[in-house]
Amino acid sequence: MKTVAIYSTKGGVGKTTTAVNLAWEASHECRVLLWDLDPQGAATYLLNVKAKVKGGVDSLIRGKSHVDAVIRPTAYKNLDVLPADDTYRNLDLFLDSAKKSTQRIAKVLESVSNQYDVVILDCPPGASLVAENALHAADLAVVPLGPSPLSLRSLAQVNEIIAASDRPPKVFAFLSMVDRRKLVHRFTAEALPREHPEVIDLVVPATVVIERMGTERAPIGTYAPNTEAAQVFAQLWGHVRASSKVKLGARRG
Ligand SMILES: Nc1ncnc2c1ncn2[C@@H]1O[C@H](COP(=O)(O)OP(=O)(O)O)[C@@H](O)[C@H]1O
Ligand SMILES: [Mg+2]
């Protein structure tokens, strides 16, 4: 089982969008669990899963409830969700009061390591203990960057945080929400991959097709499979699979 954290210190850069579409792409090839770590529960919502964790995330973190009891299936074969609910607002506090407080998420995942080939962590923004846990558990961190000169600053910040992790994952970044009509977006999309080896040459366009996810409550590939956006997420999955060396296990069903 490989664990991939979709991570940035910034909010609104496309983490959840990436997590959901990547998970759906991956589920065509292997068994996937998406863990929604953000109390806003956007990934849970977008995959049409009820935002309810029986016993709360506190019980899960302390090993009082088993992860199998809170994982939910989605409408898609081989794609399950560990949903977020309101109790995730205090996840940092729960982690802080637990033993080995940076390793709790990894510990929870150990118990499902035979059931999934890939776990995708949809991280909240920031550099909290939740983020530390996610980075500790991850084999690979995938960082969406907004197409502005400021994105270099957030990439540097993310690199610093990852380097300080007690078990640093591999990392790559890509540009998200690129509007090619804007000069600064085109410039950033060309310059960043050239100048920074950890930025891959793959660009997620800014498009209404992606915004529609909120009303469709479904991955793009299900309602707009022939769009550039859908194709880019398929390519992104290819990068993730190669970088994290996911073993393609037996699919269920
Ligand atoms: N490439 C894109 N084009 C247009 N809208 C996007 C794109 N990526 C994300 N969005 C929209 O921007 C908002 C923030 O995206 P989201 O994935 O939730 O970011 P994060 O998880 O980093 O906070 C959402 O409303 C989403 O629909
Ligand atoms: Mg999000």
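View 1. At 44% relative accessibility, Gly11 counts as partly exposed (buried is under 20% relative accessible area, exposed over 50%, partly exposed in between; 1.4 Å probe, protein chains only). Gly11 is found in the loop between strand 1 (2-6) and helix 1 (15-26); helices (H or I, at least four residues) and strands (E, at least two) are DSSP runs, numbered from the N terminus.

**View 2. Helix 8, residues 151-163.** At 1.5 Å a residue, the 13 residues should span 18 Å, and the end C-alpha atoms are 18 Å apart, which agrees (expected span: 1.5 Å times one less than the number of residues). Ser151, Ser154, Leu155, Val158 and Ile162 are buried. They cover an arc of only 105° around the axis, which puts them on the same side of helix 8 (the arc is that of the directions from the helix axis to the C-beta atoms). Arg153, Glu160 and Ala163, on the other side, are exposed. The cover over the buried residues includes helix 7 (129-137), strand 6 (140-145) and helix 9 (183-195) (contact: heavy atoms within 4.5 Å).

**View 3. Arg217 and Tyr45.** The charged end of Arg217 sits over the Tyr45 ring, 3.7 Å from its centre (NZ of Lys or CZ of Arg within 6 Å of the ring centre and within 35 degrees of the ring normal).

**Notes.** Residues are numbered from 1 along each chain as its sequence is written, and chains are lettered from A and ligands numbered from 1 in the order in which they are written. In this predicted model local features need pLDDT of at least 70, side-chain atom pairs count only at pLDDT 80 or more, and totals for chains, interfaces and linings use all residues; side-chain values use heavy atoms, leaving out hydrogens and water.
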